[in-house]
Amino acid sequence: MLAAGAGTRMKSSRAKVLHEIAGRSMIEHALVAVAGAGVERTVAVVGHDREQVSAAIAAYDPAIVLAVQEEQNGTGHAVQIALESLDAPPEGTVLVTYGDVPLLTSQTLSELLADHQAAKRAVTILTAEVDDPTGYGRILRGEDGGVTAIREHRDASAEELAVREINSGILAVDAAFLRHAVATLESGNAQGELYLTDIVGRAVAEGRPVGAHVLEDVWQTEGVNDRVQLARLGRELNDRLTRHWMSEGVTIVDPATTWIDSAVTVAQDVTLLPGTQLLGATVVGEAATVGPDTTLRNVEVGARSTVVRTHGSDAVVGAGATVGPYAYLRPGADLREGGKIGTFVEVKNSVIGVGAKVPHLSYVGDADIGEGANIGAGTIFANYDGVNKNRTTIGRHAKTSSNNTFVAPVSVGDGAFTGAGATIRQDVPAGALAVSAGSQRNIEGWVRDKRPGSPSDQAARAADADTNLEAPGE
């Protein structure tokens, strides 16, 4: 896999092949395709930004051999470097591919290898016919239709430039022939580089069989050189992913505004409403509804649940549960079966038990809320003491009132209640009622004395006048 290029047109501090579409970097898309084709050993040639690229490759599979191309002297030179990095010469078939063709599939590579091996060729080229072949190497064929050479765009004649069949750069090559052919490459071309494509002419000259595996799906051969192309291929891949899931029984109301990453799994009869993004390794269970305007990353959504206008990451939503609108699920949020996280509720590192509810306007951090419990509006779980995070436990079927603050660590027993406005600093026994507010005291005439002439004072005086008028008839 060749991944040593500079990618200067990306204008980025990040290596070109590390830019992402559909939740994976381009190099990871390429590695997934290669792995799915059943290769025995992978060598990645790195050069520019090698530290970044090497780290990403090692994170994907530490068994991949890394070969460093210090000076980028063409694709032929890159393959020479790859062969030299191996402890022993490869045998059988060598597949040459690239780190910036994110739409290339395992199926295409498998078909290319099968065609190559069945025909017993020295070289098989993955080709495609395109409307605008500008910049691509052209496939040259003889009178019998056989491939005779690949001519790079800069070296092509006017007649050759009219050819619409292009070289994708992806080749299946007999290993023994490859070792021999790359050793004979010369740099007598417009760019002064060692072209891997010149091995085709070498094979023809030696009477070795050369062929092309023509790919109808041209998108798979497209590389990325700038952010416009990145966005274009990202949109195409997303269109393919949404079509795939719709064919699997998922309703996507507006595919144009629905984005689904490659590693996402969606079950039958799921409904995805407009503005939904399913990212990372998100899993959505059967007959769930997600959206509109919802972004979930690495979230498990249970069957028959509903998640509306919610942002969530690294969280779990149980079967039959409801979330949102305007909820925020932070890492570690675990809503169990039939539970509810309501409007303007933020949950972090907390378990909300079976059938438990946090309906609205609350922050739940580092808490364990028992089965069937109900958390009142405007509740805060004060989990941080300035040094440590502490947990709060709310018991089964406990009912907490509005505007409560739970100062962790603290627990509320099974079936206990708390009063409105309570600040709970001490444990509450099972079945008890906890209150912390004092008795209400009304200071008569306070507005008249402290806010004379204000609209409030005028309203109060008018109310007093109405009361005095009504008094004689009582």
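So, the MobA-like NTP transferase domain: UniProt, in an unreviewed entry, lists residues 2-129 for it. UniProt positions are in the numbering used here, feature names are shortened, and annotations may be inferred rather than shown by experiment. Over residues 2-129 the chain is 36% helix and 20% strand, with the end C-alpha atoms 23 Å apart. Helices here are DSSP runs of H or I with at least four residues, strands are runs of E with at least two, and both are numbered from the N terminus.

A word on what we're looking at. This is a predicted model, where local features need pLDDT of at least 70 and side-chain atom pairs count only at pLDDT 80 or more, while totals for chains, interfaces and linings use all residues. Residues are numbered from 1 along each chain as its sequence is written, and side-chain values use heavy atoms, with hydrogens and water left out.

Pairing, by the way, takes at least two DSSP bridges between two strands. Strand 1 and strand 4 (residues 43-46) run parallel and are joined by two bridges; in one of the pairs, Leu 2 has Val 45 as its partner in strand 4.

Now helix 1, residues 26-36. Which of its residues are buried? They are Met 26, Ile 27, His 29, Ala 30, Leu 31, Ala 33 and Val 34. Buried means under 20% relative accessible area, exposed is over 50%, and partly exposed is in between, using a 1.4 Å probe and protein chains only. Those buried residues pack against strand 1, strand 2 (20-21), strand 3 (24-25), helix 2 (50-60), helix 4 (106-119) and helix 8 (227-247). Just after helix 1, Gly 38 takes a positive phi of about 80°.

Further along there's a hairpin. Strand 8 (residues 138-141) and strand 9 (residues 147-151) run antiparallel and are joined by four bridges, with Arg 138 partnered by Arg 151 of strand 9. Five residues lie between the two strands, and Gly 145 has a positive phi near 85° in this hairpin.

Next, Leu 194, which sits in the loop between helix 6 (175-182) and helix 7 (198-205). Buried or exposed? Leu 194 is buried, because its relative accessible area is 10%. Beyond neighbours within four places in sequence, Leu 194 touches residues including Asn 73, Gly 74, His 77, Gln 80 and Leu 185; contact means heavy atoms within 4.5 Å.

On to the cores. A nonpolar core is a set of buried Ala, Val, Leu, Ile, Met, Phe, Trp, Tyr and Cys residues joined through side-chain atoms within 4.5 Å. The largest one has 61 residues, and Val 123, Ile 125, Leu 178 and Ile 199 have the most contacts inside it. A second, separate core has 46 residues, among them Ala 327, Leu 335, Ala 373 and Val 412.

How is the protein divided? There's domain 1 (8-221) and domain 2 (227-434), with bounds from an automatic or database domain assignment. Their C-alpha centres lie 46 Å apart, and 16 residues of domain 1 contact 13 residues of domain 2. Together the domains bury about 1,200 Å², 64% of it on carbon and sulfur atoms. Buried area is the accessible area, with a 1.4 Å probe, that two parts lose on being put together, summed over both. On the domain 1 side, Ala 22, Leu 103 and Trp 219 supply 45% of the area buried against domain 2, more than any other three residues.

Then the nine-stranded sheet: open, parallel, and ordered 14-17-20-23-26-28-30-32-34. Strand 14 (265-266) and strand 34 (410-412) are its edges, each pairing on one side only. Inside that order, two bridges join strand 28 (residues 351-352) to strand 30 (residues 367-369), and Val 351 has Asp 368 as its bridge partner in strand 30.

Last stop, His 360, which UniProt lists as "active site", again in an unreviewed entry. His 360 is in strand 29 (residues 357-365) and counts as partly exposed because its relative accessibility is 36%. Leaving aside neighbours within four places in sequence, His 360 contacts Thr 343, Phe 344, Val 345, Gly 376, Ala 377 and Gly 378.
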